[in-house]
Structure formats: C-alpha cells, structure tokens
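These notebook entries record what I looked up in one structure. I begin with a single residue and then widen the view.

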Amino acid sequence: MFFQEQERLLLWVPVFFSFGIGWYFSLAMEPALSLALYGCLGLIILTGLVWRVFLLRLLFIAVTLMAAGFATGGLKSWHLATPVLEKPLSPRMIIGTVEKVSQYRSGKMHVVIRQPEIKRGPTLDKLRIKVNKYDAV
C-alpha cells in the first residue's frame, strides 16, 4: 500500500518543512545561522548518497526538509535582526507613540510603541509589549 501512494508523498513536504521552522523557534537559544545552513547542505549531500535505497531516500528527504525549514527560520530571524532584551525589565515608565494595539478574545493584548524612551533602558526603534490579561476600560 505504501508504495502505491508514492504520488501523494509530495503532500508531506509542507508538514516536514513546518516541523523544521517550529523546531527553530522552539529553541531556548538562537543557534548560529551557519550551523543551520551547513547542516542542511550536508543532509542534501547525504540524501544524494543514499538515493538508490527507497526507504532511506524518504527518510533523508524528510530530515532534509526539516533542516531546510530550520534554516529558513534562521534566515528569517537573521533578516529581521530584531533585538531581544537580555533579561526582563523591571516595571518602568515608557514614553512613545502607540503604533498598534491588538486585543484578543483570550484576554491578551499586544501593544507596539514606536520610538520608545525607556528610563534606564536600551534604545530601540520599536517596542512590543505583551500583556497576558487586561481589564476592559
């Protein structure tokens, strides 16, 4: 049965690719971009070496797709180059222009502040604040 379904194997490509992206963003620390890119390149070469064995080919293609998703997550993070605070800041006054407010049914709220001035804090172009629960005003 498995060998009769070969034309449907292409439908699994986005699944394995998204596993790799999810794996990248689930890590506690951001790995080096070169690790992701060289790992993906190495898996492509290994896939070519085991190409004649069907089940190994499928396994290596799946792992290579996950590595490609992982590398894509790394490339996106590198491209955006969004600074992340080293540690949480204690409560302090923030002055700036509110650019966007997103309220969710779950009670969460995201606020994006442009050109924030943070007392005794880092200099940023934008600041996104996540509020877990809020009371409607």
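Is Glu 99 buried, partly exposed or exposed? I worked from a predicted model throughout. I found a relative accessible area of 37% for Glu 99, so the residue counts as partly exposed.

**Entry 1. Salt bridges**

I looked up the charged pairs next. The structure holds 2 salt bridges. In one of them Glu 99 pairs with Arg 114, and the closest N and O atoms are 3.6 Å apart. This pair links distant parts of the chain, with Glu 99 in strand S1 (residues 94-103) and Arg 114 in strand S2, 15 residues apart. I noted that Arg 114 is partly exposed, because its relative accessible area is 37%.

Glu 99 also forms a salt bridge with Lys 126, where the closest N and O atoms are 3.0 Å apart. Here too the pair links distant parts of the chain: Glu 99 sits in strand S1 and Lys 126 in strand S3 (residues 126-131), 27 residues apart. Lys 126 has a relative accessible area of 48%, and therefore I list it as partly exposed. Buried would require under 20% and exposed over 50%. I record Glu 99, Arg 114 and Lys 126 as linked in a network of salt bridges.

**Entry 2. Strand S2**

Which residues does His 110 contact, leaving aside its neighbours within four places in sequence? I found Lys 100, Val 101, Ser 102, Tyr 104, Arg 128, Ile 129 and Lys 130. His 110 has its place in strand S2. I computed a relative accessible area of 17% for His 110, so this residue is buried.

I then turned to Gln 115, which lies in strand S2 (residues 109-118). Its phi is near 50 degrees, a positive value in a residue other than glycine. For context, most residues other than glycine have a negative phi. Gln 115 counts as exposed because its relative accessibility is 54%.

I looked up Lys 108, which lies in the loop between S1 and S2. Lys 108 is partly exposed, with a relative accessible area of 38%. I also took a distance from Lys 108 to Val 15: the two are 93 residues apart in sequence, and their C-alpha atoms are 29 Å apart in space.

Which residues form a nonpolar patch on the surface? I found Tyr 38, Leu 41, Ile 45, Leu 46 and Leu 49, which together have about 560 Å² of accessible area. Leu 49 has its place in helix H2 (residues 33-49). At 66% relative accessibility, Leu 49 counts as exposed. In general, an α-helix has 3.6 residues a turn, so residues three or four places apart point the same way.

Gly 48 is also placed in helix H2. I list Gly 48 as partly exposed, because its relative accessible area is 49%. Gly 48 and Ile 61 are 13 residues apart in sequence, and I found 9.5 Å between their C-alpha atoms.

**Entry 3. Helix H3**

How far apart are the end C-alpha atoms of helix H3 (residues 54-80)? I found 39 Å, which agrees with the 39 Å that its 27 residues should span at 1.5 Å a residue. Just after H3, Ala 81 takes a positive phi of about 45 degrees.

**Entry 4. The whole chain**

The chain has 3 helices and 3 strands, and along the sequence they follow the pattern α-α-α-β-β-β. The radius of gyration is 22 Å, well over the 14 Å that the globule rule gives for 137 residues, so the chain is more spread out than a compact globule. The C-alpha trace spans about 65 × 35 × 20 Å along its principal axes.

What share of the 137 residues counts as buried? I found 23%. The chain exposes about 11,100 Å², of which carbon and sulfur atoms supply 64%. Among contacts with a separation of 6 or more, residues 24 or more positions apart account for 49%.

Note on methods
Residues are numbered from 1 along each chain as its sequence is written. This is a predicted model: local features need pLDDT of at least 70, side-chain atom pairs count only at pLDDT 80 or more; totals for chains, interfaces and linings use all residues. Side-chain values use heavy atoms; hydrogens and water are left out. Helices (H or I, at least four residues) and strands (E, at least two) are DSSP runs, numbered from the N terminus. Buried means under 20% relative accessible area, exposed over 50%, partly exposed in between (1.4 Å probe, protein chains only). Patches are made of residues with over 30% relative accessible area and no salt bridge: like charges are joined within 9 Å, nonpolar side chains (Val, Leu, Ile, Met, Phe, Trp, Tyr) within 5 Å. Accessible areas come from the Shrake-Rupley method with a 1.4 Å probe; for residues, only the protein chains shown count as cover. A salt bridge is a side-chain nitrogen of Lys or Arg within 4 Å of a carboxyl oxygen of Asp or Glu. The radius of gyration is taken over C-alpha atoms; the globule rule is 2.2 Å times the number of residues to the power 0.38. Contact means heavy atoms within 4.5 Å. The expected span of a helix is 1.5 Å times one less than its number of residues.
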